[in-house]
Number of protein chains: 2
Amino acid sequence: MQQLIDRIRKDGVLKPGNVLKVDSFLNHQMDIELINEIGKEFKHRFADLDITKIVTVEASGIGIACIAAQYFHVPVVFAKKAQSVNIDGEVYSTQIQSYTHKRIYDVMISKKFIGPKDKVLIIDDFLANGCALVGLIELVSCAGASVEGIGIVVEKGFQTGGEVIREMGMRLESLAIVERMDVETGEIFFRGE
Amino acid sequence: MQQLIDRIRKDGVLKPGNVLKVDSFLNHQMDIELINEIGKEFKHRFADLDITKIVTVEASGIGIACIAAQYFHVPVVFAKKAQSVNIDGEVYSTQIQSYTHKRIYDVMISKKFIGPKDKVLIIDDFLANGCALVGLIELVSCAGASVEGIGIVVEKGFQTGGEVIREMGMRLESLAIVERMDVETGEIFFRGE
């Protein structure tokens with residue numbers, strides 16, 4: 001998605017340790033006009049699918065999933081990261097290791113909101129090592145629902161997540177795939193360019 | 001907002017301890033059509049304000065804030081709950097006690113994304129004891145920005161948060177204010193009815 005690639009090049013910030021910060025428009029401050037275009041692009045790429053629910057995980061996936069859901073006319077269910085007194089009843093749960101936060105989270109979805117009839121589109125902001133995504137796929141599969149597609153805004157193509165997910169046979173669409181970043185020069189190279 | 005009140009009455013679930021669960025349409029599974037109407041209603045109620053940014057706190061406020069932001073044509077900034085390696089540089093931070101999670105969170109906003117020129121609309125899903133909201137007001141004020149308005153989806157009118165915030169002189173609009181709930185009969189009474 002050229003508009004997204006241009007924006008990452010303009011406002012993305014590289015840090016040592018292969019960190020790409022897009023917090024000025026995607027996951028701390030959110031440029032809603034851009035995210036609307038991202039939502040339309042997901043609809044365009046998955047137009048052939050009959051989706052019943054969009055699933056994401058808190059926190060930074062939620063806004064993108066909600067904006068995109070307007071084009072699919074389906075509800076969003078977001079996996080929660082901590083046990084809350086407001087989640088009772090039975091849940092599907094798994095553990096996700098966060099590369100960004102250097103810790104392990106329990107994530108869960110109430111069994112009330114996902115079931116065998118659901119055809120799910122998973123949406124998230126970032127794909128790096130794939131831990132969060134594998135966890136979400138596990139939650140959806142535990143519910144007996146099918147993962148029809150996965151929409152990612154930014155994939156770090158030099159980490160293993162994308163390969164792992166594609167080898168699982170998943171239909172994965174990443175709107176921008178970073179192949180290589182040069183923290184010295186600030187250059188970012190995208191797949192397909 | 002009658003559509004919201006009707007929905008809370010239809011799908012809200014009461015639990016002992018004055019817990020009102022709206023997780024089937026607002027803060028775990030999200031009915032995007034309803035949240036779109038909520039976004040429009042916020043725009044209607046704050047139509048006279050010249051807003052530059054919508055501020056919320058992760059996680060359940062984010063989707064509502066993003067959908068609403070489409071009607072205000074401004075970015076969303078969401079306060080983050082945990083220090084991340086992806087937030088560097090200076091931040092405004094405070095602590096929020098969560099009634100729901102029975103713990104204290106550090107929340108923070110990067111100084112890059114809020115400043116003295118900003119006219120802020122704060123949006124959140126729930127207002128009960130007001131701790132989260134007071135924390136958000138503090139973050140915005142520390143940045144030298146002004147809180148022009150506060151939009152809440154569900155206020156628990158029998159808890160002290162709404163009174164505290166109104167006594168601060170804040171312009172607070174809650175789309176549904178629960179006056180009383182009867183866990184025995186399942187009845188919910190709203191202010192103004």
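The model is predicted: local features need pLDDT of at least 70, side-chain atom pairs count only at pLDDT 80 or more, and totals for chains, interfaces and linings use all residues. Residues are numbered from 1 along each chain as its sequence is written, with chains lettered from A and ligands numbered from 1 in the order in which they are written.

**Stop 1: the interface**

Select both chains. Here 34 residues of chain A are in contact with 34 residues of chain B (contact: C-beta atoms, placed from the backbone, within 7 Å). On the chain A side, β2 (19-21), β3 (29-30), α2 (32-45), α3 (61-72) and β5 (76-79) each give two or more residues. Helices (H or I, at least four residues) and strands (E, at least two) are DSSP runs, numbered from the N terminus. The largest share, six residues, comes from α3(A).

**Stop 2: the symmetry**

Superpose chain A on chain B. A rotation of 180° with 0.0 Å of shift along its axis does it, at RMSD 0.0 Å (least squares on the C-alpha atoms of residues with pLDDT of at least 70 in both copies). The two copies are thus related as by a two-fold rotation axis. Select A:Gly63: of the residues of chain A, its C-alpha comes closest to that axis, at 2.3 Å. Of the interface residues of chain A, 100% are also interface residues in chain B, so the copies meet through the same surface.

**Stop 3: the sheet across the chains**

Select β3(A) and β5 (76-79) of chain B. Two bridges join these antiparallel strands. A:Met30 has B:Val76 as its bridge partner.

Now show the open sheet of seven strands, ordered β11(A)-β10(A)-β9(A)-β8(A)-β4(A)-β5(A)-β3(B), with mixed pairing (strands pair if DSSP finds at least two bridges between them). At the edges stand β11 (187-190) of chain A and β3 (29-30) of chain B; each has a single partner strand, so one side of each lacks a neighbour in the sheet.

Move to β8 (119-127) and β9 (146-156) of chain A. They run parallel, joined by eight bridges. A:Leu127 is partnered by A:Glu155.

**Stop 4: helix α4(A)**

Select residues 131-142 of chain A. This helix has 12 residues and reaches 16 Å from its first C-alpha to its last, close to the 16 Å expected at 1.5 Å a residue (1.5 Å times one less than the number of residues). After α4(A) comes A:Gly144, with a positive phi near 80°.

Technical notes: Two residues are in contact if their C-beta atoms, placed from the backbone, lie within 7 Å.
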